[in-house]
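Here is a friendly walk through a two-chain protein, with the contacts between the chains as the starting point. Have a look at the sequence and the fold before reading on.

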2 protein chains.
Amino acid sequence: MEWISKSNILIVGLGLMGGSYAHALKRLGYHVMAIDNNQETIDYALKNNLIDRGYSYVNEDCIKNADAVIFGLYPTTFKEWIKEHQHLIKDGALITDVTGIKSCIVYDVQKMLKPGVEFIASHPMAGREVYGVQNSDDRIFRDANFIVTPTEKNTPEAVDWCKSLGRILGFRKISVLSPEKHDEMIGFLSQLTHCIAVSLMTCNESEHLADYTGDSFRDLTRIARINENMWSELFVLNKEVLLEQMDKFADEFKVIRDMLSNNDIEGLKSKMRLSTKRRAYFDK
Amino acid sequence: MEWISKSNILIVGLGLMGGSYAHALKRLGYHVMAIDNNQETIDYALKNNLIDRGYSYVNEDCIKNADAVIFGLYPTTFKEWIKEHQHLIKDGALITDVTGIKSCIVYDVQKMLKPGVEFIASHPMAGREVYGVQNSDDRIFRDANFIVTPTEKNTPEAVDWCKSLGRILGFRKISVLSPEKHDEMIGFLSQLTHCIAVSLMTCNESEHLADYTGDSFRDLTRIARINENMWSELFVLNKEVLLEQMDKFADEFKVIRDMLSNNDIEGLKSKMRLSTKRRAYFDK
């Protein structure tokens, strides 16, 4: 069984992800502490045995004792927290995060940190359409990807530690990408798909159609149940990449629209053949 | 147990749908005959006990014996078949179909038919990403909707017969819609979603991203594996409706794109809240 060093782990921000991390780590035998500004969240986590200790305020003693700190905060809040409280983190500690965008976070946080504390960024590509510690569930990691996004400031030891973290949490696949490549990939695979799902759901008053809805529409709109605070922040922080992906998609959609308008059946068929061929690759 | 009259049933076109109909009806004890221009298809269906009799040519005796004829052909082929061979269908027979568009089919076919033969159109809203009789499987009906689309030319008896057919095939819900309402609904729920999935799959060379693909992208592109002959025909035959739905979607997508471009976070959030609210309705 794999084991990671840094066995006193502090999780800051006990939402769906932070709570799921806590769940997995506590069960594996690590000493799990948590800070979350909501006392009810802490009470829930203590009661349900997700954590060993928890505070609804910035408890200095708790921070000073942590060998590793995992941030389950939204990107902007994460940066603010680092700016205000990073001096409390002990020398030699490693920190990581769960945020869904990287370029606009990783370099800034690394710049702010005092020497002796290393930030190795990562993105657990897992989630649910619900949120909060009450919905946390580490089974969501099982078929999911865990991406580590080091910069040249990171040590090989920290990268290895973070990859091990992904493995012990139960992720199916651990990858390493630059922050920029990560953001490009996530802009296309995740953010663009959420924009499409929301547009499809909002473009038409569709409630009267619920009776006729088959799998296609359900599949395309599952992620249209969306946490507006988190996703609007992620979209804006990856704005340039996402706009580019949205424009690419809109251009292609227009091409297909015009083929239909012009009765270009051969054109439509060739698009469908390409689509079928590419999609088959994802079923392997 | 429900039973439908017209127990000598002829299926013309033994593809995925025709084959699945045959499978269900044969098991229920009906006498099932089939005509399909591919001899291998007929051989397969006979060998696997999907039909009692089958021909790879227009067998007059078989047609004259059918109390009911179910057409599993593509829309245009269906119309051509009716034009050429409808005189062979026996007086008092009912016919129905499986085509995914209705307005451009139903009135024309009803006009072509000789008196004494009634066409009551229907659309089994079920399918798979694979096709052919070898993939037929009547379990696909189980959670699906069956839509009957009568016109003023239809008798209440034929409508009832067709609803019963949907029920004995195992569909979850049987509905009645006008051909026009059907096409509008299908343009939005099914055709538009396929256009989106194809565009998403073709707008970007994405194979190198397969390793990072999570559920969102997989969900939105499942239907991007698409039968290009059938779907290009369905799109063109419902062109006006589909273009309108595509334009509505594209406009909405543009609105969301511009909100992002203008850092209109409140606008984005309100779209996401509407999207979440509407999607919840589909989970009921």
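A salt bridge here means a side-chain nitrogen of Lys or Arg within 4 Å of a carboxyl oxygen of Asp or Glu. By that rule, eight salt bridges cross the interface of chain B and chain A. Please keep in mind that this is a predicted model.

**Where the chains meet**

On the chain B side, 79 residues are in contact with 79 residues of chain A. Together the two chains bury about 8500 Å², with 66% of that on carbon and sulfur atoms. In chain B, the residues that lose the most area to chain A are Tyr212(B), Phe253(B) and Phe282(B), which together make up 10% of what that side buries.

The interface also has 36 residue pairs in polar contact. Several elements give two or more residues to the chain B side, among them strand S8 (145-148), helix H7 (179-202) and helix H11 (265-282) of chain B. H10(B) gives the most, with 15 residues. Sorted by class, this side of chain B has 39 nonpolar, 19 polar and 21 charged residues.

**Salt bridges, one by one**

Over all chains, a search of the whole structure finds 33 salt bridges. Four of them are set out here.

| Pair | Closest N to O |
|---|---|
| Asp211(B) and Lys173(A) | 3.7 Å |
| Asp138(A) and Arg27(A) | 3.0 Å |
| Arg257(A) and Asp258(A) | 3.4 Å |

Asp138(A) and Arg27(A) are 111 residues apart, the former in the loop between strands S7 and S8 of chain A, the latter in helix H1 of chain A. Asp138(A) counts as buried because its relative accessibility is 11%, while Arg27(A), at 58%, counts as exposed.

Glu266(A) and Lys269(A) both sit in helix H11 of chain A, three residues apart, about one turn of the helix. Glu266(A) is exposed at 52% relative accessibility, and Lys269(A) is buried at 16%. Salt bridges with shared partners also join Asp247(A), Lys254(B), Arg257(B) and Asp258(B) into one network.

Which residues of helix H2 of chain A are buried? They are Thr41(A), Ile42(A) and Ala45(A). These residues cover an arc of only 100 degrees around the axis, so they lie on the same side of H2(A). The face turned away from that buried side carries the exposed residues Glu40(A) and Lys47(A). Strands S2 and S3 of chain A are included in what covers the buried residues.

At the start of H2(A), a side-chain oxygen of Asn38(A) comes within 2.9 Å of the backbone nitrogen of Glu40(A). After the helix comes Asn49(A), with a positive phi near 60 degrees.

Terms used: Residues are numbered from 1 along each chain as its sequence is written. Chains are lettered from A and ligands numbered from 1 in the order in which they are written. This is a predicted model: local features need pLDDT of at least 70, side-chain atom pairs count only at pLDDT 80 or more; totals for chains, interfaces and linings use all residues. Side-chain values use heavy atoms; hydrogens and water are left out. Contact means heavy atoms within 4.5 Å. Buried area is the accessible area (1.4 Å probe) that two parts lose on being put together, summed over both. A polar contact is a pair of N or O atoms within 3.5 Å; within protein, one must be able to donate a hydrogen and the other to accept it, and residues adjacent in sequence count only if both atoms are side-chain atoms. Helices (H or I, at least four residues) and strands (E, at least two) are DSSP runs, numbered from the N terminus. Ala, Val, Leu, Ile, Met, Phe, Trp, Tyr, Cys and Pro count as nonpolar, Asp, Glu, Lys and Arg as charged, and the others, Gly among them, as polar. Buried means under 20% relative accessible area, exposed over 50%, partly exposed in between (1.4 Å probe, protein chains only). The arc is that of the directions from the helix axis to the C-beta atoms.
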